[in-house]
Amino acid sequence: PDDPTTAGTLDALGAALRDQGRLEEALPLFEAGLARQIRRFGASHPRVAVSLHNLAFLHDRSGRREEARRLHARALDIRLATLGAEHRATANSHHNLATTLRAMGRYLEAEESYARALSIRRAQLREGHPQIALSVIGLGTNLLYAGRPDDAESLLREGLEMRETIFPEHHPQVVDTRVTLAGALTALGRYEEAEGYLLPAYRTLRETLGTQDVRNQAAAGRV
């Protein structure tokens, strides 16, 4: 009954339900998967950290931010103890925790975690790697939300340049980054420059996602 493949199946089923928006149905599956991993491997095993993150993502999407933060922090502690401070998986845990902290408005703590994830990824990954771009943009977005658009701008430009190299021009990650950069430029009072990013982003979102998509509505509001 505690076969690790069974726990993996529970997590996979939970993820499928989560992605369909069936969050409360997914919750017991993630909890059962975590319990099985703990019984089989012990509470401090790296596999347990994966299940903790999966459960945390669900709580985050359900608006239970403090529970998500607690689970992400527990997973980070496990990875620091078992994999080390410079491991790529540890960087992922820092990034996950930072994103929840940002959603809670705890920008200084989030900045520290984003910066740590970015430092590890720059050291471990090739230049221009998508995970480096993710960390750069995460940190830049956090600075923007914290009311520091001047500090955010250079990071968002760097992240956009990387994503434009990695993905096609109309890829959602490219478009989303352009919208975020436009937000920084707007906050700096550089409205015409911001419009140069927002209008193409809005047209792309309208064509690919439709006018009712949340991201499209956000871009339209900024335009």
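Predicted model: local features only at pLDDT ≥ 70, side-chain atom pairs only at ≥ 80, totals over all residues.
Trainee: What does Leu29 touch, not counting residues up to four places away in sequence?

Mentor: Leu29 touches Leu10, Leu13, Gly14 and Leu17, and its C-alpha is 9.0 Å from that of Ala15, although Leu29 and Ala15 are 14 residues apart in sequence.

Trainee: What makes H5 roughly antiparallel to H6?

Mentor: Helix H5 (residues 88–103) and helix H6 (residues 107–124) pack at an angle of about 155°, with their axes 8 Å apart. Because angles over 145 degrees count as roughly antiparallel, that angle makes H5 roughly antiparallel to H6, and the crossing of the two helices is left-handed.

Trainee: Which residues of H5 and H6 meet, and how do they divide by class?

Mentor: Among the residues that meet are Ala91, His94, His95, Leu97 and Leu101 in H5, and Tyr107, Ser113, Arg116, Ala117 and Ile120 in H6. The residues of this contact divide into nine nonpolar, six polar and five charged.

Trainee: How do you know that Gln131 is partly exposed?

Mentor: Gln131 has 22% relative accessibility, and because a residue between 20% and 50% is neither buried nor exposed, Gln131 counts as partly exposed. Gln131 lies in helix H7, residues 130–145, and, with neighbours within four places in sequence left aside, is in contact with Arg88, Asn92, Arg121 and Leu125. From C-alpha to C-alpha, Gln131 and Ala117 are 9.5 Å apart, while in sequence they are 14 residues apart.

Trainee: What is the geometry between H7 and H9, and which residues meet there?

Mentor: The axes of H7 and H9 come within 10 Å and cross at roughly 35°, and H7 passes H9 in a left-handed crossing. Ile137, Thr141 and Leu144 in H7 meet Thr177, Thr180, Gly183, Ala184 and Ala187 in H9, a contact with four nonpolar, four polar and no charged residues.

Trainee: How does the reach of H9 compare with the span expected at 1.5 Å a residue?

Mentor: Helix H9 (residues 172–187) has 16 residues and reaches 23 Å from its first C-alpha to its last, which is close to the expected 22 Å. Its buried residues include Val174, Thr177, Thr180, Gly183 and Ala184, and H9 is followed by Gly189, whose phi is positive, near 80°.

Trainee: Where does His45 lie, and why is it called partly exposed?

Mentor: His45 lies in the loop between H2 and helix H3 (46–61). Its relative accessibility is 26%, and because that class lies between 20% and 50%, His45 counts as partly exposed.

Terms used
Residues numbered from 1 in each chain as written. Heavy atoms only, no water. Axes fitted to C-alpha atoms, helices over the stretch in contact; angles between N-to-C directions. Helix = DSSP H or I, 4+ residues; strand = E, 2+ residues; numbered from the N terminus. Parallel < 35°, antiparallel > 145°, perpendicular 65-115°, else oblique. Left-handed = near helix turned anticlockwise from the far one by under 90°. Contact = heavy atoms within 4.5 Å. Nonpolar A, V, L, I, M, F, W, Y, C, P; charged D, E, K, R; others polar. Expected span 1.5 Å × (residues − 1). Buried < 20%, exposed > 50% of the residue type's maximum accessible area, 1.4 Å probe, protein only.
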